[in-house]
Amino acid sequence: MAEISIDGQNLVVEIEGLDKLWALKSRLVIPLANVRGATADPGIVGEPKGLRAPGAHLPGVITAGTFHLNGEKVFWDVHDAAKAVVIELADERYARLVVQVADPHAAVALIERARP
């Protein structure tokens with residue numbers, strides 16, 4: 001799971017627990033100017049992930065790490081599809097972040113309020 005917060009003009013995504021190991025990341029910091037939007041999207045976990053490099057993928061259990069699909073990098077950290085949030089990015093290493101949070105609607109509202 002991930003914890004999303006706003007620190008000044010940055011979106012901060014903290015990866016929690018053992019997910020740091022599976023995703024090979026502990027923290028992502030993205031300028032809010034590069035955040036295009038966010039949505040709660042439990043259906044995203046059913047879509048193709050692409051090539052995993054590096055990370056972990058055990059269908060129905062965990063998807064974590066960097067995945068390459070159609071020339072884009074997507075960061076995943078999801079166990080429970082019902083709590084998945086998709087954050088669209090521009091001019092960043094990743095085109096999207098797909099992360100599980102405790103309250104998807106609150107996370108989306110936080111991001112949308114903070115965007116310039």
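First, the ground rules. This is a predicted model, where local features need pLDDT of at least 70 and side-chain atom pairs count only at pLDDT 80 or more, while totals for chains, interfaces and linings use all residues. Residues are numbered from 1 along each chain as its sequence is written, and side-chain values use heavy atoms, with hydrogens and water left out.

Start with the core. In soluble globular proteins, nonpolar side chains tend to be buried together. A nonpolar core here is a set of buried Ala, Val, Leu, Ile, Met, Phe, Trp, Tyr and Cys residues joined through side-chain atoms within 4.5 Å. Buried means under 20% relative accessible area, exposed over 50%, and partly exposed in between, with a 1.4 Å probe and protein chains only. The largest core has 24 residues. Ile4, Leu11, Val13, Val35, Phe75, Ile87 and Leu97 touch the most other members. Several elements supply at least two residues each, including strand 1 (2–7), strand 8 (84–89) and helix 2 (104–114). Helices (H or I, at least four residues) and strands (E, at least two) are DSSP runs, numbered from the N terminus. Another core, of eight residues, lies apart, and Val74 and Val86 are among them.

Now Ile87. Contact means heavy atoms within 4.5 Å. Beyond its neighbours within four places in sequence, Ile87 contacts residues including Ile4, Leu11, Val35 and Ile111.

That brings us to helix 2. Which residues of helix 2 are buried? They are Pro104, Ala107, Val108 and Ile111.

Next, the hairpin. Strand 5 (residues 51–58) and strand 6 (residues 62–69) pair antiparallel over six bridges; pairing takes at least two bridges found by DSSP. His57 has Thr63 as its bridge partner. Three residues sit between the strands, and Gly60 in the turn has a positive phi of about 80°.

Last, salt bridges: a side-chain nitrogen of Lys or Arg within 4 Å of a carboxyl oxygen of Asp or Glu. There are two. Arg27 pairs with Glu14, closest N and O atoms 2.9 Å apart. Arg27 is in strand 3 and Glu14 in strand 2, so the pair ties together parts 13 residues apart in sequence. Arg115 pairs with Glu112 at 3.2 Å.
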